[in-house]
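Please open the structure in a viewer and keep the selection tool at hand.

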Amino acid sequence: MESIIKDQLVSYLLRKNYISKKQHAFLRRHSTATNLLECTHDWVISLSKNMCVDVVYIDFSRAFDSIVFSKLLSKLSSYGIDGKLLSWLDAFLHNRLQYVVIENCFSNVSDVVSGVPQGSVLGPIMFLIFINDIETVCCGDTDLQLFADDLKLYSSVKVSCNSLTLQQSIDNLALWADKWQLNINISKCAVLTIGAKGGYCGSVYFINNTQLVSTNSFIDLGIDTDSSLSYHNHISSIVSKAAQRVGILFRGFMTRDLQFMRKAFITYIRPLLEYNSCVWNPHQKEYINLIEKVQRRFTKRIPSLRDLSYAERLAIINLEPLELRRLKTDLTEYYKIFNNLDAIECSDHFNFYEPLASTRSSSPKLIKPAKGNNTVMFSFFNRAIDCWNSLPHNLRFCNSLSTFKRQLCTIDLSSFLIFN
């Protein structure tokens with residue numbers, strides 16, 4: 001029943017364009033990747049104009065548990081949800097009980113007096129509706145991105161100058177949170193200034209007269225984002241964690257069976273090195289080599305492969321170089337954007353060149369910026385353009401994602417790799 005209502009509810013809200021385009025959680029075609037790609041693109045554009053970006057990360061305390069039922073129902077009503085459906089949702093929220101069980105010992109039963117039911121099908125969508133109008137706090141050139149209750153506000157600034165509109169937006173947010181009874185955990189909020197150089201200490205912003213802490217890096221949806229967008233800290237962190245897991249794997253299991261070791265690496269270790277790689281995929285040799293070393297050393301520790309070259313080890317165990325996999329991830333993300341499989345608007349991020357019909361190649365090509373610093377040229381929306389343009393026409397315009405992925409494996413992309 002929840003699934004039926006949820007599907008109809010989401011369909012109605014999307015058809016009416018009620019859901020904020022800044023929200024990337026619990027919705028089809030949205031993800032942490034789309035959230036991060038959207039905001040990092042905005043930041044790169046500002047950096048290309050020799051501007052800095054102040055990013056304010058906001059933390060809400062127990063947001064899912066703090067929602068007041070009556071206020072959630074009033075928001076549902078404001079979106080045109082009324083009658084029997086609103087009554088059903090009212091009943092769904094109220095008269096719930098909770099207790100704690102530890103080893104067959106039961107606590108006293110207590111009423112659930114606030115919050116959406118977590119673990120339910122409808123709970124996440126009802127939360128999105130509750131927080132949906134938070135976008136109205138923005139003023140001036142301030143923008144925001146949301147992933148459920150993970151909120152970041154940002155604005156372009158000149159070095160050593162605060163953004164007055166960003167501070168006004170923060171003030172509006174404090175008023176919004178007070179009105180809807182969501183508590184901002186100021187101690188966990190932070191300001192990250194992207195693009196500042198030298199000894200600049202960062203901009204100063206306040207919430208309810210309390211100064212926010214300035215930081216040189218922040219864990220943004222699992223990605224350690226730093227003030228230079230170099231992702232040095234993130235790459236160092238994931239390599240360290242992956243190396244630890246490799247050690248645990250070899251100490252914890254006696255078998256060195258190739259199929260077992262391959263599956264263990266793919267399941268237990270490689271995801272650490274590839275989570276949202278389209279956001280942070282490096283172009284520097286040192287970082288590419290640092291990441292590749294994890295797989296290189298893993299295969300080297302398998303006795304039957306020890307005396308072979310890295311390429312031979314990969315061929316026998318049926319693994320691809322991690323650099324190649326990241327390139328394929330970029331290209332797959334391009335395909336998803338161009339075919340409306342992701343929420344990112346193609347026309348907002350790419351420019352196309354349409355060759356004349358009389359020319360040898362009449363298929364559209366992506367246009368790469370003529371110039372820019374490394375941050376711009378190696379950002380997601382630029383770095384794989386040459387590779388994408390080199391793909392055969394029938395591959396770029398194939399009719400399904402699965403077909404694209406399968407055929408991409410038949411293409412030699414070694415000329416676009418630093419270590420080939």
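The model is predicted: local features need pLDDT of at least 70, side-chain atom pairs count only at pLDDT 80 or more, and totals for chains, interfaces and linings use all residues. Residues are numbered from 1 along each chain as its sequence is written, and side-chain values use heavy atoms, with hydrogens and water left out.

**The cores**

Begin by selecting Trp 43, Phe 298, Leu 331 and Phe 404, which touch the most other members of the largest nonpolar core, a set of 67 residues. A nonpolar core here is a set of buried Ala, Val, Leu, Ile, Met, Phe, Trp, Tyr and Cys residues joined through side-chain atoms within 4.5 Å. Buried means under 20% relative accessible area, exposed means over 50%, and partly exposed lies in between (1.4 Å probe, protein chains only). Centre the view on Phe 298; leaving aside residues up to four places away in sequence, Phe 298 touches Val 246, Leu 249, Phe 250, Met 261, Phe 265 and Ile 269 (contact: heavy atoms within 4.5 Å). Another core, of 56 residues, lies apart from the largest one and includes Tyr 12, Ile 67, Ile 131 and Ala 177.

**The aromatic pairs**

The whole structure holds 23 aromatic pairs. Rings of Phe, Tyr and Trp (its six-membered ring) pair if their centres lie within 6.5 Å; planes under 30 degrees apart count as stacked, over 60 as edge-to-face and the rest as tilted. Select Tyr 18 and Tyr 79, a tilted pair with 5.5 Å centre to centre and 45 degrees between the planes. Tyr 18 lies in the loop between helix H1 (2-15) and helix H2 (32-48), and Tyr 79 in the loop between helix H3 (69-78) and helix H4 (83-93), so the pair ties together parts 61 residues apart in sequence. Helices (H or I, at least four residues) and strands (E, at least two) are DSSP runs, numbered from the N terminus. Tyr 18 is partly exposed at 32% relative accessibility, whereas Tyr 79 is buried at 14%.

Next, select Tyr 57 and Phe 218, whose ring centres are 4.1 Å apart and whose planes are at 10 degrees, so the pair is stacked. Tyr 57 belongs to strand S1 (residues 52-58) and Phe 218 to strand S12 (residues 217-220).

**The salt bridges**

There are ten salt bridges, each a side-chain nitrogen of Lys or Arg within 4 Å of a carboxyl oxygen of Asp or Glu. Select Lys 152 and Asp 220, which meet at 3.0 Å, N to O. Lys 152 lies in strand S7 (residues 150-157) and Asp 220 in strand S12, so the pair ties together parts 68 residues apart in sequence. Lys 152 is buried at 3% relative accessibility, and Asp 220 is buried at 4%.

Move to Arg 325 and Glu 274, a salt bridge of 2.6 Å, N to O. Arg 325 is in helix H12 (residues 322-338) and Glu 274 in helix H8 (residues 258-274). Then select Glu 320 and Lys 328, whose closest N and O atoms are 2.5 Å apart in a salt bridge.

**The surface**

Finally, select Val 109, in the loop between strand S4 (105-106) and strand S5 (110-111). Val 109 counts as exposed, at 51% relative accessibility.
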